[in-house]
Amino acid sequence: MKELIKKYFIPHEGNDYKPHFFRERAVAGFAAFLLFIFALTFVYSNVVLGNYNFLAQVLPPALVGFANTDRTSNSLPELKVNPLLVLAAKYKADDMAAKSYFAHISPEGLSPWFWFGKAGYSFSYAGENLAVDFSESADVNTAWMNSAGHRANLLNKNFTEIGIATAKGFYQGRETTFVVQLFGTPLPVFVAPPKTPVAAPVPTATKPPPKPTAVSKVAVETETKAPAQVAGEDVQVIAQNTGENSLYMEVKKAEAYKILSSPNESLAYLYMILGALVGLALIVMIVVEIKYQHPRHILYGLLLLVLIGGLIYLNLNLLSTNVLII
């Protein structure tokens, strides 16, 4: 690996002070790779991600992950997904898609709280964020966080649960996907205190009990030994470890959904990393062995940086859409 790095990135006598990374074949191959992943991401965004079933699968977990990232960044506890809130969000999303409206109040005058009740979710606190006309989950979350009202919902300390759903339909004459994000805190469940048991009368012994035999004494000692308590502690530790592993897997799953539902943003970060790599290699080529300069190879490096910058611009400004939120 050390020799490979030296050959491709560091000018020295062995490579004629021309790092192989900036030679014609390597530059052409790297440029082709940049264009290939750009085309691949474009196809993924417009074909794979545009498929409703796939979008419905990856978008809600991604938005939950974004919401919890924003909350933890602001020292707030994460929200738990409640199936009833998911159902309520699905009811609202399906209603907007079926009737081609985008509003908190339906054409019939139904408020957001109607869908909570229809799903059987009783709440002490509740909120709703809506979005439409988007290409990436990251765009949706960014739009919400840039809006004071939607941000207040995402960072509301009174909310403890979340539910998100999508539906595909038509709005203003074009096909689009509606997304509904619901927040809630369930009403506390009242549990009646247990009745005080009435003490049973103490029976009066009519004759003294027989003395225990040696066999019964051994049996009593066997039943009261400590290993049962140790076993209970082992089970508790196993349960705790299982919970930690489950939490770890959920976090990893959320991160994967973020990438899958935001390919353009992920590609932009990849381009920035590759651009930093090209820039660092260019600096090394110019600074190390400064007396041996090859303008043509320096130009190749600069052209790669221009290509990466152009692809980032196209990715973020031409392929992304404006998100409508309310």
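**Figure 1. Overall fold of the predicted model.** Of the contacts in the protein with a separation of 6 or more, 75% are made by residues 24 or more positions apart, a contact meaning heavy atoms within 4.5 Å. This is a predicted model, in which local features need a pLDDT of at least 70 and side-chain atom pairs count only at pLDDT 80 or more, whereas totals for chains, interfaces and linings use all residues. Residues are numbered from 1 along each chain as its sequence is written, and side-chain values use heavy atoms, with hydrogens and water left out. The protein has 11 helices and 5 strands, taken as DSSP runs numbered from the N terminus (helices: H or I, at least four residues; strands: E, at least two). Of its 326 residues, 36% count as buried, that is, under 20% relative accessible area, with exposed meaning over 50% and partly exposed in between (1.4 Å probe, protein chains only). The protein exposes about 19,700 Å², of which carbon and sulfur atoms supply 65%, with areas from the Shrake-Rupley method and a 1.4 Å probe; for residues, only the protein chains shown count as cover.

Figure 2. The 5 strands form an open sheet in the order E1-E3-E4-E2-E5, with mixed pairing; two strands pair if DSSP finds at least two bridges between them. Strand E1 (80-81) and strand E5 (324-325) are the edge strands, each pairing on one side only. Strand E2 (residues 123-132) runs antiparallel to E5, to which 2 bridges join it, and alanine 131 stands opposite isoleucine 325 in E5.

**Figure 3. Helices against the sheet.** Helix H5 (residues 112-119) packs on the sheet, where it touches E2 and strand E4 (174-186), and its direction makes about 115 degrees with that of E2. Helix H6 (residues 137-145) lies across E2, E4 and E5 and runs at about 120 degrees to E2. Axes are lines fitted to C-alpha atoms, for helices over the stretch in contact, and angles run from 0 to 180 degrees between N-to-C directions.

**Figure 4. Strand E3 and its partners.** Strand E3 (residues 161-171) is largely enclosed by the rest of the structure, because 9 of its 11 residues are buried. E3 pairs with E1 in the parallel sense over 2 bridges, with lysine 80 opposite glutamate 161 in E3, and with E4 in the antiparallel sense over 11 bridges, where alanine 165 stands opposite valine 180 in E4. E3 and E4 form a hairpin with 2 residues between them, and glutamine 172 in the turn has a positive phi of about 55 degrees.

**Figure 5. Two buried polar residues in helices.** Aspartate 95, found in helix H4 (residues 83-99), counts as buried at 10% relative accessibility. Its side chain is joined to that of lysine 99 by a polar contact of 2.8 Å, meaning a pair of N or O atoms within 3.5 Å of which, within protein, one must be able to donate a hydrogen and the other to accept it, residues adjacent in sequence counting only if both atoms are side-chain atoms. Leaving aside residues up to four places away in sequence, aspartate 95 touches Tyr101, Ser106 and Trp115. Histidine 297, in helix H11 (residues 295-318), is buried with a relative accessible area of 3%; with the exclusion of residues up to four places away in sequence, histidine 297 touches Lys18, Phe22, Arg23 and Met285.
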